[in-house]
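Colleague: I would like to learn how to read a structure like this one. Could you walk me through some features, with the general idea before each case?

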Amino acid sequence: MDLDNAQPQKSISELPTVPRGETSLGGRSVEAKSAAHGTERPGASGLMEAALTRSSLQAALKRVRKNKGSPGIDGMTVDDLPDHLRVHWPSLREQLLAGTYQPQPVRRHVIPKSGGGERKLGIPTVLDRFIQQALLQVLQPRFDPSFSQHSHGFRPRRSAHDAVREAKRYVQQGRRWVVDVDLEAFFDRVNHDVLMGRLAKRIEDRRVLGLIRRYLNAGEMANGVVMDRQEGTPQGGPLSPMLANVLLDEVDKEMEKRGHAFVRYADDLNVYVRSRRAGERVMQTLRRLYAKLHLRVNESKSAVAPVQDRKFLGYTFRVSPKNEVRCTIAGKALDTMKDRVRHMTSRMRGRSLAQVCQDLRAYLPGWKNYFQLVEFVTVFRELDRWIRHRLRALQLKQWVRGVTIFRELRKRGLSPRDARRVAGNTSRWWHNSGMRLIGVALPNKLFDGLGLPRLAT
């Protein structure tokens, strides 16, 4: 789609390439035309123009459509966006270049946390996600190289696995105590003035700064009412993670200056030390550093503790008698996974065994991939057995009546005596499904044939 000239007959792939840093306007770049007539916009450094090049906008549109996501307050979907831009992009672009574009409020969306409580999200409109993505694409290359090497969250070519590996190295070096810091409602408490002050040190284009400020102040809609927002950067927009890194990088740099062994992923910070006393000193320092940013440590969720007593990004560490450090799944993450599987394998969902296996096939490989660093294969073997146990119980429950159970077990090779033994006790689903006899009638290869993935592979 030609966002510069709004030509609806062209697709993204058909557009000619625009040189980097230029936005086509009657065959001449915005910068060139402004320079020729002496009409440079006050406070403009060309950063906004860089965000609005054709290639940048095409990349932003592609990313927003790939990410999908739900509509904002205006109800526009990602599939509606291209047609909207074909009609309205010229005026939107001029507003952005003039520094007058006004974002819409975000839509408040609340999701439950696995450990209780709620997480508040702010869902921007699809149009605002598109504009934020275009801004991110020019801001991230400017900020990211200066971020701490110990920060891994929401950064290009970095991942949670990198953070866990780094933490493991510190533990292997003998740092067996961790200062585990949780910030109290971080995304809801980001101070706008403090954040904008940090951004102004690196961004000269006042239109970009003004647009970010308006995104922060756009407010949020809940139950049809728009409420002002004086602090916080809502989770849900493309810019929020980078803005969080801009703010928290100041603490990272101070930790580096003091020579601490630490890892940060978004607002999760772990500092690894050799004693409780050292950990308490670090915790006091962090309280002071975060207070300067108008942030508070959540005392009920933060602690100085042995590494095996805390979790980091769903993992925890175990130290063997031979002093070897290994990764395993934290108890809370394991409970969350089991709750998800229990829901999928519930008889109340009214799905057949084959359908349930397909649901699990859509979930389990991604979950296993995230926990690929786990070094205890017995964990996955036990989960495989537990999942198959639940599936066998599901099948028995779906047969319901003793007569049906007897008939189906006979079909599957059980003797009349063994089939009668199971069918005569239909109230003990879980007990019966764990019997060796059911393993013969509903063998592992049955679930393999239905596409159920094995975790212990």
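Predicted model: local features only at pLDDT ≥ 70, side-chain atom pairs only at ≥ 80, totals over all residues.

Colleague: Let me start with a detail: over the ring of which residue does the charged end of Lys338 sit?

Modeller: A charge sits over a ring if NZ of Lys or CZ of Arg is within 6 Å of the ring centre and within 35 degrees of the ring normal. Here the charged end of Lys338 lies over the ring of Trp386, 5.2 Å from its centre. Residues are numbered from 1 along each chain as its sequence is written, and side-chain values use heavy atoms, with hydrogens and water left out.

Colleague: How many helices and strands does the chain have?

Modeller: Helices (H or I, at least four residues) and strands (E, at least two) are DSSP runs, numbered from the N terminus. The chain has 19 helices and 10 strands.

Colleague: In what order do the strands S1, S2, S4 and S5 form a sheet?

Modeller: Strands of a sheet pair through backbone hydrogen bonds, either parallel or antiparallel. Two strands count as paired if DSSP finds at least two bridges between them. In this open sheet the order is S2-S1-S4-S5, with mixed pairing. Its edge strands are S2 and S5 (225–227), each pairing on one side only. From one strand to the next, the twist averages 40 degrees; axes are lines fitted to C-alpha atoms, for helices over the stretch in contact, and angles run from 0 to 180 degrees between N-to-C directions.

Colleague: Where can I see the parallel and antiparallel senses in it?

Modeller: Look at S1 (residues 106–112). With S4 (residues 220–222), S1 pairs in the parallel sense over two bridges, and Arg107 stands opposite Met221. With S2 (residues 118–123), S1 pairs in the antiparallel sense over six bridges; there Arg108 has Gly122 as its bridge partner.

Colleague: And why is one side of S6 and of S8 left without a neighbour in the sheet?

Modeller: These strands belong to an open sheet of four, in the order S6-S7-S3-S8, with antiparallel pairing. S6 (261–265) and S8 (303–306) stand at the edges with a single partner strand each, so one side of each has no neighbour in the sheet. The twist here averages 20 degrees from one strand to the next. Inside the sheet, S3 (residues 177–182) and S7 (residues 268–273) pair in the antiparallel sense over six bridges, and Val179 stands opposite Val271.

Colleague: Which helices touch that sheet?

Modeller: For contact, look for heavy atoms within 4.5 Å. Helix H6 (residues 160–172) packs on the sheet, touching S6 and S7, and its direction makes about 160 degrees with that of S6. Helix H11 (residues 276–292) lies across S3, S7 and S8, at about 20 degrees to S3.

Colleague: How many aromatic pairs does the structure hold?

Modeller: Rings of Phe, Tyr and Trp (its six-membered ring) pair if their centres lie within 6.5 Å; planes under 30 degrees apart count as stacked, over 60 as edge-to-face and the rest as tilted. The structure holds nine such pairs. Trp89 and Phe130 are edge-to-face, 5.9 Å centre to centre with 75 degrees between the planes. That pair links helix H4 (residues 81–98) to helix H5, 41 residues apart. Tyr170 and Tyr272 have their ring centres 6.0 Å apart and their planes at 35 degrees, so that pair is tilted. Tyr170 is in helix H6 and Tyr272 in strand S7, 102 residues apart.

Colleague: Are Trp89 and Phe130 buried or exposed?

Modeller: Buried means under 20% relative accessible area, exposed over 50%, partly exposed in between (1.4 Å probe, protein chains only). Both Trp89 and Phe130 are buried, and so are both Tyr170 and Tyr272.

Colleague: What is the largest nonpolar core like?

Modeller: A nonpolar core is a set of buried Ala, Val, Leu, Ile, Met, Phe, Trp, Tyr and Cys residues joined through side-chain atoms within 4.5 Å. The largest has 68 residues, and Phe130 is among those with the most contacts inside it. Helix H5 (residues 126–143) gives the largest share of this core, 10 residues. Another core, of 58 residues, lies apart from it and includes Val178 and Leu396.
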